[in-house]
Amino acid sequence: MKIIYVLSESEQAVPLEWIAKYAGESPFAVQEVLGLWRPFLDLSTVGRGSTFRIYHASFREFLRRDDTVRSAGITLGQINEQIANQQLRAIGIDLD
């Protein structure tokens, strides 16, 4: 679920590697999850790579509902903190 929530917090299409980095998962694990969730995703080919995004804004809104997030066992705060920490590490700031 963390992989899908990381993707849902991106407002634009992102490559698999981006999702893996910000979810803290292997590209292989991300690829497996994206394959399972493919009916809900928009896939675009850019050059030799692909980008992914949540297909409908209404599905993103569903994922962000409090009851949906709670049932997934995560918080959007945790997801956004994980993304922010990865971005800080990318520019050389490590909060750990």
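Good morning. Read along the sequence, the chain we have here follows the pattern α-β-α-α-β-β-α-α-α, and that amounts to six helices and three strands, where helices (H or I, at least four residues) and strands (E, at least two) are DSSP runs numbered from the N terminus. Please keep in mind that this is a predicted model, in which local features need pLDDT of at least 70 and side-chain atom pairs count only at pLDDT 80 or more, while totals for chains, interfaces and linings use all residues. Residues are numbered from 1 along each chain as its sequence is written, and side-chain values use heavy atoms, with hydrogens and water left out.

Let me begin with the chain as a whole. Along its principal axes the C-alpha trace spans about 40 × 35 × 20 Å. Of the 96 residues, 32% count as buried, where buried means under 20% relative accessible area, exposed means over 50%, and partly exposed lies in between, with a 1.4 Å probe and protein chains only. If we take the contacts in the chain with a separation of 6 or more, residues 24 or more positions apart account for 53% of them, a contact being heavy atoms within 4.5 Å.

Now to helix H2. Which of its residues are buried? They are Leu 16, Ile 19, Ala 20, Tyr 22 and Ala 23, and what covers them includes helix H1 (2–8), strand S1 (14–15), helix H3 (27–36), strand S3 (49–54) and H6. After H2 comes Gly 24, whose phi is positive, near 70 degrees.

How does H2 meet H6? The axes of H2 (residues 16–23) and H6 (residues 76–90) come within 8 Å and cross at roughly 105 degrees, which makes H2 roughly perpendicular to H6. Here the axes are lines fitted to C-alpha atoms over the stretch in contact, with angles running from 0 to 180 degrees between N-to-C directions, and roughly perpendicular covers 65 to 115 degrees. On the H2 side the contact is made by Lys 21, Tyr 22 and Ala 23, and on the H6 side by Gln 82, Ile 83, Gln 86, Gln 87 and Ala 90.

Tyr 22 deserves a moment of its own. This residue of H2 is buried, with a relative accessible area of 7%, and, not counting residues up to four places away in sequence, Tyr 22 touches Val 6, Gln 82, Ile 83, Gln 86 and Gln 87. Trp 37, by contrast, is 15 residues along the chain from Tyr 22, and their C-alpha atoms are separated by 18 Å.

Finally, the strands. Asp 42 lies in strand S2, and, leaving aside neighbours within four places in sequence, it is in contact with Thr 51, Phe 52, Arg 53 and Tyr 55. Asp 42 and Arg 53 are eleven residues apart in sequence and 5.3 Å apart in space, C-alpha to C-alpha. In the loop between strand S2 (41–46) and S3 we find Arg 48, which counts as exposed at 91% relative accessibility. From Arg 48 to Gln 87 there are 39 residues in sequence and 25 Å in space, C-alpha to C-alpha.

Note on methods:
Angles under 35 degrees count as roughly parallel, over 145 as roughly antiparallel, 65 to 115 as roughly perpendicular and the rest as oblique.
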